[in-house]
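Please open the structure in your viewer and keep the sequence beside it.

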Amino acid sequence: MKILTVCGLGMGSSLILKMNVESVLRKLGQQASVEHMDVSSASSASADVVLTNAELAGNLSHLPCAVMVVNNYLDLQEIERALLSSGALADGRSV
């Protein structure tokens with residue numbers, strides 16, 4: 001599974017989100033490739049799930065994967081809910 005974390009420039013908040021996504025995946029016993037990038041690069045990238053903020057989600061709605069909004073990149077519970085709701089985890093769990 002490939003997960004993208006996306007912010008405007010791909011350098012700050014997307015890196016923080018990436019690290020927290022990896023933490024949540026470890027907790028859930030899931031493995032995935034997690035990359036952080038800017039919204040322009042993400043608009044042509046291939047992934048199973050994209051995590052971003054509400055401002056940028058519309059720019060990525062054309063992607064064929066789940067685009068999940070995370071409002072607080074430090075809230076591990078919100079990140080977990082977004083990952084579970086995406087339906088892309090290996091065991092297929094969703095909330």
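Begin by selecting Glu80, which counts as buried at 16% relative accessibility; buried means under 20% relative accessible area, exposed over 50%, and partly exposed in between (1.4 Å probe, protein chains only). The model is predicted, so local features need pLDDT of at least 70 and side-chain atom pairs count only at pLDDT 80 or more, while totals for chains, interfaces and linings use all residues. Residues are numbered from 1 along each chain as its sequence is written, and side-chain values use heavy atoms, with hydrogens and water left out.

**First stop: Glu80 and Lys27**

Glu80 and Lys27 form a salt bridge, their closest N and O atoms being 2.6 Å apart. Glu80 belongs to helix H4 (residues 76–86) and Lys27 to helix H1, so the pair ties together parts 53 residues apart in sequence. Lys27 counts as exposed, at 61% relative accessibility. A salt bridge is defined here as a side-chain nitrogen of Lys or Arg within 4 Å of a carboxyl oxygen of Asp or Glu. Helices (H or I, at least four residues) and strands (E, at least two) are DSSP runs, numbered from the N terminus.

**Second stop: Glu22 and Lys18**

Which residue forms a salt bridge with Glu22? Select Lys18: the closest N and O atoms of this pair are 2.8 Å apart. Both residues lie in helix H1 (residues 13–28), four residues apart, about one turn of the helix. Lys18 is buried, with a relative accessible area of 18%, whereas Glu22 is partly exposed at 26%.

Next, select Glu35 and Lys2, whose side chains meet in a salt bridge (3.6 Å, N to O). This pair links distant parts of the chain, 33 residues apart: Glu35 is in strand E2 (residues 33–38) and Lys2 in strand E1 (residues 2–7). Glu35 is partly exposed at 31% relative accessibility, as is Lys2 at 26%. By the rule above, the salt bridges come to three.

**Last stop: the nonpolar cores**

Select Ile3, Val21, Leu51 and Leu83, which touch the most other members of the largest nonpolar core, a group of 17 residues. Such a core is a set of buried Ala, Val, Leu, Ile, Met, Phe, Trp, Tyr and Cys residues joined through side-chain atoms within 4.5 Å. Helix H1 gives the most to this core, with five residues.
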